[in-house]
Amino acid sequence: MRVQTRHTPNFGVARVLLSPGEAVQAAGDTMLASSFGITETVPPRGGSRAGKTAPSVFNAPEGGGWIDFAPLAAGDVYPLEFTGGAGWCVSRDAILARPATVRQDPGWAPLQKLFGADAGFLEHYSGSGPLVLAAQGPVDAFELAAGELVTVRPDFLLAYPDTVQCRLRAVDQSGPQSVRTGEGLALDFAGPGRVLVQSRNRRLSRG
């Protein structure tokens, strides 16, 4: 699977190029157009996980093909390349398209430690290939040196790799907090590594 992007960073579209028989997962309502012969397997009605609708699976025919995916809100699209090494923690609402070679890791221990028994606003992925992210506004990045620190609010976070240390804390101990949405919380990161953020607040942009 390869990814080409256009109309970035404000109204991004991701073209996913599939080899013969290759498949990609994405929400059905983000599929803008495709080459002829692409088939879509729709999840059973009511199928969901972690509070979101299960994705469709798009399969390429014998000759291969392409699919254009467009996020439901204006913003950037960003292919996050997995190389088979370190995994990434990704905002639960940022996934636009995912190949079978990039797998979600439910129950990943560091996230369980971060969120406890609750389903938090992050998911962990590993494997190889491009995981396509959808961002509110342009994608930005903090390149952290060893021991360098930065604080990010959850509504602006896109992803960070396993090489980055992360601590979750309340902004105001007396205020409302939610590990599901990130309300009232902040994330402290320590390098080395890259922290990807979006330039607009996801919750406010969709509100």
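Which residue in E19 is the bridge partner of Arg-169? In E19, that partner is Ala-186. The structure is a predicted model, in which local features require pLDDT of at least 70 and side-chain atom pairs count only at pLDDT 80 or more, while totals for chains, interfaces and linings use all residues. Residues are numbered from 1 along each chain as its sequence is written, and side-chain values use heavy atoms, with hydrogens and water left out.

The chain contains two helices and 20 strands. Helices (H or I, at least four residues) and strands (E, at least two) are DSSP runs, numbered from the N terminus. The radius of gyration of the chain is 17 Å, close to the 17 Å from the globule rule for 207 residues, so the chain is as compact as a globular protein of that length. This radius is taken over C-alpha atoms, and the globule rule is 2.2 Å times the number of residues to the power 0.38. The C-alpha trace spans about 55 × 40 × 30 Å along its principal axes. Of the 207 residues, 43% count as buried. Buried means under 20% relative accessible area, exposed over 50%, and partly exposed in between (1.4 Å probe, protein chains only). The accessible surface of the chain comes to about 10,300 Å². Carbon and sulfur atoms account for 52% of that surface. Accessible areas come from the Shrake-Rupley method with a 1.4 Å probe; for residues, only the protein chains shown count as cover. Among contacts between residues at least 6 apart in sequence, 76% join residues at least 24 apart. Contact means heavy atoms within 4.5 Å.

Axes are lines fitted to C-alpha atoms, for helices over the stretch in contact, and angles run from 0 to 180 degrees between N-to-C directions. E4 and strand E9 (residues 65-69) run antiparallel and are joined by three bridges. Ser-34 stands opposite Ile-67 in E9. Two strands pair if DSSP finds at least two bridges between them.

The other open sheet has three strands in the order E16-E19-E18, again with antiparallel pairing. Strands E16 (149-152) and E18 (165-170) form its edges, each pairing on one side only. The twist averages 25 degrees from one strand to the next. E18 pairs with strand E19 (residues 185-190) in the antiparallel sense over six bridges. The Arg-169 and Ala-186 bridge involves E19.

Strand E17 (residues 157-161) has five of its five residues buried, so it is largely enclosed by the rest of the structure. E17 pairs with strand E11 (residues 88-91) in the antiparallel sense over three bridges. Trp-88 stands opposite Pro-161 in E17. Two bridges join E17 to strand E20 (residues 193-198), and this pair is also antiparallel. Here Ala-159 stands opposite Leu-196 in E20.

Ser-91 is found in E11. Ser-91 is buried, with a relative accessible area of 7%. Beyond its neighbours within four places in sequence, Ser-91 is in contact with Phe-121, Leu-122, Leu-157, Leu-158 and Arg-202.

The largest nonpolar core has 19 residues. A nonpolar core is a set of buried Ala, Val, Leu, Ile, Met, Phe, Trp, Tyr and Cys residues joined through side-chain atoms within 4.5 Å. Leu-122, Leu-157, Tyr-160, Phe-189 and Val-195 touch the most other members of the largest core. Helix H1 (109-115), E16, E17, E18, E19 and E20 each supply at least two of its residues. A second, separate core of 16 residues includes Ala-26, Ile-38, Phe-58 and Val-132.

Val-195 is in contact with residues including Asp-140, Phe-142, Val-152, Leu-157, Tyr-160 and Phe-189. Val-152 lies in E16. Val-152 is buried, with a relative accessible area of 4%. Val-152 is in contact with Phe-142, Leu-157, Ala-186, Leu-187, Phe-189, Val-195 and Val-197. The C-alpha atoms of Val-152 and Leu-18 are separated by 35 Å, and these residues are 134 apart along the chain.
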